[in-house]
Amino acid sequence: AGLAGSGTNSIVLMHNSWLQDINHEFAAIQFVNCTHNIAVSLNMMSVNGIELRDDTASEVPIGETQALNTYLGLSYATHFLGDWQIGVQAKYMYEKYYLFSADGFAFDLGIKKEDLFEAFSWGLAIQNLGKMSALKEESTRLPLIMRTGVAYVIPLQLLDNSPMVAADVAYVLDDVTTLNLGAEVPLARYVDLRLGYVLGRESQSITAGFGLNYGIFHIAYAFVPYSYDLGNSHRFSLKVDI
C-alpha cells in the first residue's frame with residue numbers, strides 16, 4: 001500500500017547474508033504516475049552446498065545440491081477516499097529441492113493511512129493468500145501472515161529531520177506472534193541511526209543499523225544478531241530514484 005505514496009520512479013536492490021549460509025536477494029523497480037503506481041519485484045532465497053549422501057553412511061558426500069525459493073511479484077497501489085492508500089501484489093512462486101520442484105500463486109493485500117491521528121500513520125497487511133502445487137508428494141503450506149503497525153513522527157527537529165518511532169505486531173497463522181519495535185534518529189545531515197527490538201522470538205532481540213541518504217541514493221544496513229550460536233545476519237539495500 002505504501003507504493004501509492006511514492007513520489008518518484010525507483011530501483012531497489014537488497015542482499016541479506018542470513019543464517020547458516022542462507023542468502024536472500026531482492027530486486028524491484030517501481031513506476032509512479034501519482035494515481036496508479038505499479039512495481040515488479042523478484043525475491044529469492046537460496047542455500048548452496050547442501051551435501052548429498054546415499055543409503056550408506058559416510059563422512060564423504062557423493063555431491064552437493066541447492067535449495068531455492070523464489071517469487072516474481074507484480075504490485076499495484078492507489079489512493080481512495082482521499083488519503084487512504086491500498087495495494088495488492090500477485091506472486092508467482094517456485095521452489096526446488098534437489099530433483100523435486102513445485103510452483104504456485106499467492107496474493108498480498110495492504111492498506112495504509114498517513115496522519116491517522118496527528119503525526120501517526122497506520123498500516124495493515126495480509127500476505128500469502130494462495131497455495132503451492134505438490135512437491136513430490138505433498139504441497140508446501142504457505143505461511144499466512146497478518147501484520148499491523150503504527151509509526152509516530154516526533155515533533156522535534158534534529159539536523160533538519162524529525163525522529164520517528166514505530167511498532168508492529170506480526171502473526172504467522174498457527175505459528176508465532178512477534179512484536180517489533182523500532183526508532184530512527186538523525187545523526188548527521190545525511191545519516192540516520194536505526195535501532196530495533198523483537199519480542200516473541202527466543203533467538204532474536206536487539207537489532208541495529210543506519211541509513212545514508214544523498215540525492216537520489218538511499219543506502220541502508222541492518223545488523224541482526226541471533227542467539228544459540230546461530231550466527232548474525234547482515235542486510236544491505238540500495239534505492240536509486242530515477
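Predicted model: local features only at pLDDT ≥ 70, side-chain atom pairs only at ≥ 80, totals over all residues.

User: How many salt bridges does a search of the whole structure find?

Analyst: The search finds 7 salt bridges.

User: What makes Glu51 and Arg53 a salt bridge?

Analyst: Their closest N and O atoms are 3.0 Å apart. The cut-off is within 4 Å, for a Lys or Arg nitrogen and an Asp or Glu carboxyl oxygen. The pair therefore qualifies.

User: Why is Glu51 called partly exposed?

Analyst: Its relative accessibility is 44%. Buried means under 20% and exposed means over 50%, so a value in between is partly exposed. Arg53, at 40%, gets the label on that basis too.

User: How do you know that Asp108 and Lys91 form a salt bridge?

Analyst: The closest N and O atoms of Asp108 and Lys91 are 3.2 Å apart. The limit is 4 Å, so the label holds.

User: Which parts does that pair tie together?

Analyst: Asp108 lies in strand S6 (residues 100-117), and Lys91 lies in strand S5 (residues 84-97). The pair therefore ties together parts that are 17 residues apart in sequence.

User: Are Asp108 and Lys91 buried or exposed?

Analyst: Both Asp108 and Lys91 are buried. That label means under 20% relative accessible area.

User: What about Lys112 and Glu114?

Analyst: Their side chains meet in a salt bridge, 3.1 Å from N to O. Lys112 has 26% relative accessibility and counts as partly exposed. Glu114 is partly exposed as well, at 31%.

User: Now the rings. How many aromatic pairs does a search of the whole structure find?

Analyst: There are 7 aromatic pairs.

User: Why is the pair of Phe210 and Tyr221 called tilted?

Analyst: The ring centres of Phe210 and Tyr221 are 5.7 Å apart, and the planes are at 40 degrees. Centres within 6.5 Å make a pair; under 30 degrees is stacked, over 60 is edge-to-face, and the rest is tilted. So this pair is tilted.

User: Where do Phe210 and Tyr221 lie?

Analyst: Phe210 is in strand S14 (residues 206-214) and Tyr221 is in strand S15 (residues 217-226), so the pair ties together parts 11 residues apart in sequence. Phe210 is partly exposed, at 33% relative accessible area.

User: Which residues do ring pairs link into a cluster?

Analyst: Phe80, Trp84 and Trp122.

User: What makes Lys91 count as sitting over the ring of Tyr71?

Analyst: The charged end of Lys91 is 4.9 Å from the centre of the Tyr71 ring. The distance limit is 6 Å, with an angle limit of 35 degrees from the ring normal. Lys91 is listed as sitting over that ring.

Conventions: Residues numbered from 1 in each chain as written. Heavy atoms only, no water. Buried < 20%, exposed > 50% of the residue type's maximum accessible area, 1.4 Å probe, protein only. Helix = DSSP H or I, 4+ residues; strand = E, 2+ residues; numbered from the N terminus. Phe/Tyr/Trp six-rings, centres within 6.5 Å; stacked < 30°, edge-to-face > 60°.
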